[in-house]
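Hi,

Here is the structure I said I would pass on. Have a look, and my notes follow below.

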Amino acid sequence: MKTVKVLGTGCTKCTKTAEVIERVAQAMGADVEVIKETRPEVIMQYQVMRTPAVVVDETLVHSGSIPAQEEIKQWLQ
Amino acid sequence: MFASFTYLADWLVYQQLGLSAQTKWGSALHFFVEDVTKIFALLLVMIYVISFLRAAMDVERVRSYLSGQHRGVGYLMGSSFGAITPFCSCSSIPVFLGFTSAGIPVGITMAFLLTSPLINEVAVLLLLSLLGWKFTLMYVLVGMTIGIMGGALLDLLRAERWLQPFAAKAYQQAVQQPGMEIECEVRKLSFQDRHDFAKTEMLEIFGRVWKWVIIGVGLGAGLHGFVPEGWLESHLGDGQWWSVPAAVLMGIPLYSNATGVIPVMESLLLKGLPVGTTLAFCMSTVAASFPEFILLKQVMQWRLLALIFVVLLLSFTVMGWIFNVAFAL
């Protein structure tokens, strides 16, 4: 199972990012846990300055925008 | 160049609708049509151009420029970058922490964060088109001065004492290891990359601000058509020193961004409100907004938050007085 963290301090784009990832995962039938991480001290540890950012299994894969569906599919494969 | 929008409004309001320029409705509607068409056209074209030019500019790059910078230069640079870097206020927490954990002093970081909402491409474009280059230049200088002096004051008071403990710790660690490398990969952008970025930015910013333009110009048009000439001048003119702090206080709950306020400013100025009072009102509405301040609570203690708020309000007031006196001479 993959763990996907969406980093962001509660902006609308961050919520949307988490929703899109969940939707794509469901459509793919992928076994994924999506966690919304809003604590600033944790976000700092990933050295992210532009949110929303996406971390897949502890690797930062994206930062600064709502990711495209194609990108999400690649991460979840 | 802007005259074509006046002709368009003349044609639509006076000729097609048959309203007279002397009536309240005619005058208000003309103001509305002229400003909305002008602002929309300008925003669409100029946001694309500006985004295209600055596509490679991002907060990571700014951080690597600012880290290790001498303080004096740092405030000026922090404030300048705040004015030109594309930056969403919802990212202010991660940016604050990213800068702080790279050992950049709180004052320089705040010079960046304070200037950013005051001066942005939309605000500058609107000011240029509605109020002319002199006023725009003045606005930009005042905005940067407030960012620079606010930042310097915070460092003078050693504001890092009042950060949340985890942020203060990250800052201390970075300061104690000065050799720390700040990574920043320099992205090479193709023409296509820049075009994609500019197009996305244009659509996103326009999608976000078009409502504010309508609301702001609507209010401005209402003021323009329905508030009698000289009313503001006699009630809130230069003689009343208290009108500036009152304008600043009024601006706080009126949370808006620059896009909504600038068309109102245009109307206020045309109606004879003094320049300083207008500037103070506008800056307070744009920069001193509670929702965004509350966000910063996650990285700052109440003391620091309150301090920054008071510093902002005082500096808007002082700037307002200075400009009122200077322009009355």
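Val54(A) sits across from His62(A), a residue of strand E4 of chain A. Strands E3(A) and E4(A) are paired antiparallel, with four bridges between them; pairing here takes at least two DSSP bridges between two strands, and strands (E, at least two residues) and helices (H or I, at least four) are DSSP runs numbered from the N terminus.

Before going on: this is a predicted model, where local features need pLDDT of at least 70 and side-chain atom pairs count only at pLDDT 80 or more, while totals for chains, interfaces and linings use all residues. Residues are numbered from 1 along each chain as its sequence is written, chains are lettered from A and ligands numbered from 1 in the order in which they are written, and side-chain values use heavy atoms, with hydrogens and water left out.

Back to chain A. E3 (residues 53-56) also pairs antiparallel with E1(A), again through four bridges, and there Lys5(A) faces Val55(A). E1 (residues 2-7) runs parallel to E2 (residues 32-37), joined by six bridges, with Lys2(A) opposite Val32(A).

Put together, that gives an open, mixed sheet of four strands in the order E2-E1-E3-E4 (chain A). E2 and E4 (59-63) are its edges, each pairing on one side only. From one strand to the next the twist averages 20 degrees (axes are lines fitted to C-alpha atoms, and angles run from 0 to 180 degrees between N-to-C directions).

Over in chain B, helix H5 (residues 92-100) is largely enclosed by the rest of the structure, because nine of its nine residues are buried (under 20% relative accessible area, 1.4 Å probe, protein chains only). Among them are Phe96(B), Leu97(B) and Phe99(B).

Cheers

Key: Buried means under 20% relative accessible area, exposed over 50%, partly exposed in between (1.4 Å probe, protein chains only).
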